[in-house]
Amino acid sequence: MVDIVIPVYGGLDHLKRLLPGLKACTSMAEVSVFLVDDLTPEDKGRANIIAYVKKFIESNKVKRWELILKETNSGFADTNNVGASRGKGEFILMLNSDTVPFPRWLEYMIAVMGELPQVGAVGAKLIFPPWMDSPQRPANTIQHAGVAFDTSRLPYHIFAGWRPNHPKVNRRLFMQAVTGACLLTRRELWDDVGGINVIYGQGNFDDIEYCMEIKKRGMDTAYCPEAQLFHVGSGSNNTRDAQKNAGIFLERWAEQIESDNFLYY
């Protein structure tokens, strides 16, 4: 059983791409889907989002799908925690609303968990979609294929901008971390860690901290290249909040990153 948690904050166009593809790729009865609206403002289309999701669930007769409406805006971490708390599945999958899955993506991620019991989290190959193209997000290139740490002890996507068919991007690898845009984990481990740490507010670094907590417990994080999704990405890494969160992260984890020889040069 897998509980898929999708934080929602605006982005109706994203949902119109994601939900049909998600339904097609998750026909298994063991999958539950929790769409958690983080109090989208009315000027960002809250009413239209609620109407669309409700109509989609009703017209497609999808069982075990639920729309959860939060009464406060509290950010990525808390939104995932709220969604995860509603499920009972053996696995929890954090999934961003601006993704579009390829066939069998979830099967591949679950297979890694089954084959490697020491793995506590699995990430996917995320690709900038063909309908987007900019210098920062080149279409049909890698957005995420695993996370490592640079010499400043901060996380970065080591294969960003590479071709999706490059041999080095198509190997299963143990990674220091993977992005929470598509992250599968074991509920038992999630509960032990306490979910995603809300100390980072609206987001950035909370998914990386979760992977660090997994490492502390003697478990690994893996990258699964067979699991593929398009991902638009927020491009929010250089905001003031992101820079503030970088300081919080370094204060909490820099010593462990250095002592564990996590650095990639």
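1. Asn 204 lies in the loop that joins helix H5 (187–193) to helix H6 (206–216). Helices here are DSSP runs of H or I with at least four residues, strands are runs of E with at least two, and both are numbered from the N terminus. Asn 204 is not a glycine, yet has a positive phi of about 80 degrees. Most residues other than glycine have a negative phi.

2. On the basis of the note: this is a predicted model, in which local features need pLDDT of at least 70 and side-chain atom pairs count only at pLDDT 80 or more, while totals for chains, interfaces and linings use all residues. Residues are numbered from 1 along each chain as its sequence is written, and side-chain values use heavy atoms, with hydrogens and water left out.

3. Arg 104 also has a positive phi, of about 70 degrees, although it is not a glycine. Arg 104 sits in the loop between strand S5 (99–101) and H4. Its relative accessibility is 45%, so Arg 104 counts as partly exposed (buried is under 20% relative accessible area, exposed over 50%, partly exposed in between, with a 1.4 Å probe and protein chains only).

4. Helix H4 covers residues 105–115, and its buried residues are Trp 105, Leu 106, Met 109, Val 112 and Met 113. Viewed down the axis of H4, these fall within an arc of 120 degrees, so they line one face of the helix. The arc is that of the directions from the helix axis to the C-beta atoms.

5. Ile 57 belongs to helix H2 (residues 46–60). Ile 57 counts as buried because its relative accessibility is 15%. Apart from neighbours within four places in sequence, Ile 57 is in contact (heavy atoms within 4.5 Å) with Val 62, Trp 65, Glu 66 and Leu 67. Ile 57 and Gln 118 are 61 residues apart in sequence, and their C-alpha atoms are 36 Å apart in space.

6. The protein as a whole has seven helices and 12 strands. Its radius of gyration is 17 Å, close to the 18 Å that the globule rule gives for 265 residues, so the protein is as compact as a globular protein of that length. The radius is taken over C-alpha atoms, and the rule is 2.2 Å times the number of residues to the power 0.38. Along the principal axes, the C-alpha atoms fill a box of roughly 50 × 40 × 35 Å.

7. Of the 265 residues, 54% are buried. Among contacts with a separation of 6 or more, 78% are between residues 24 or more positions apart.
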